[in-house]
Amino acid sequence: MFKAIVAPISFSLLTIFGIQLQPANAFNLTLESGSNIATYDDDFDTTGSLGFSDWQVDDDRLLTETGWFYRLGSGQAQPLDTLTEGTFTNNGSSATLNYSGTGFTMDLDLSLADDGSTLGQTATVTNTSGSNLNFNLYFYQDLIASIGNSGDRVSIDSNSYTATQTGDLYEITTTVEQTSTGLSDRNAEVDVIDFNEDTLYDKLLEPSGENLVLNNSSPNNNLSAVSSNENLVVNNYLDNDLEAASSTSDPVTSAYEWNYNLSDGESFQVTTNSAAVPFEFSPGLGILLSGIIAGGCYFKRKLKKPSDK
């Protein structure tokens, strides 16, 4: 419901503030591997979908949305359906999608593994502009670890940037890897979807407050006092707030940002892998239960009476 409401609003805001979207023919495909199935649809303009809109393991739905955004220089972040669609291949459990934009190409490799229940995505961006390119890549995800997409907890490790989401059904761990050459900065953030305040989804599409880009002519209503001749550019949309976010009633989300400075012909690659483990069999819970059982056995022996021997 959140996606259905917010996507049209966000698209309208983009139009109001002068962002010209030119949708390509969107990619729409399904991956299958054993008991796993994942549906990819990047037609944000029409359906409000950013990328993967479904991932099921043993008939349990594990996501509402994952998707990529890109930003050139100090421009506005945009979804992938603003790029030109190229060729694509679908091999059943994997697929490769080819996009192109002004001065760059982006290849997206998708994979689904039944062994380990893993959903993988690798974005490869190449500078074809003939000069240096300042390119920002963003990854957003709304995963489901509990019944009804609520009651989850998500956090991101400050060293590895691994995101861990837990609920009453699953523990989903998302690892990230990126090319170091040309990387100037990376950020991440976790948040609860709350209609009373900005969400990560909105922040990427329509930054507000201190995370605002004014395109010289149309100040955002949050900073209406700023002169229309000023160009306020904030390089980082995400504020690196990695502390755990949890909610008993609302979905929790996470997002990543990578800032690259590329020479002509240079490429970078970012990979995300989300692995789902049924919560009752998660490694962390197994260790905890083993400790409790071992401790119980120890105290039981200590408390035994001599007559019981």
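Q: Which residues does Ser274 touch?
A: Contact means heavy atoms within 4.5 Å. Not counting residues up to four places away in sequence, Ser274 touches Trp55, Ser117, Thr118, Leu119, Gln141, Leu143, Ile172, Thr173 and Thr174.

Q: What should I know about the model and its numbering?
A: The model is predicted, so local features need pLDDT of at least 70 and side-chain atom pairs count only at pLDDT 80 or more, while totals for chains, interfaces and linings use all residues. Residues are numbered from 1 along each chain as its sequence is written, and side-chain values use heavy atoms, with hydrogens and water left out.

Q: Is Ser274 buried or exposed?
A: Buried means under 20% relative accessible area, exposed over 50%, and partly exposed in between (1.4 Å probe, protein chains only). Ser274 is buried because its relative accessible area is 5%. Gln141, at 2% relative accessibility, is likewise buried.

Q: Which side chain makes a polar contact with that of Ser274?
A: A polar contact is a pair of N or O atoms within 3.5 Å; within protein, one must be able to donate a hydrogen and the other to accept it, and residues adjacent in sequence count only if both atoms are side-chain atoms. The side chain of Thr174 makes such a contact with Ser274 at 2.8 Å, and the Thr174 side chain also has one with that of Gln141 at 3.2 Å.

Q: How many bridges join S13 to S14?
A: Strands (E, at least two residues) are DSSP runs, numbered from the N terminus, and two strands pair if DSSP finds at least two bridges between them. S13 and S14 (residues 170-178) run antiparallel with 4 bridges, and Thr166 has Glu171 as its bridge partner in S14.
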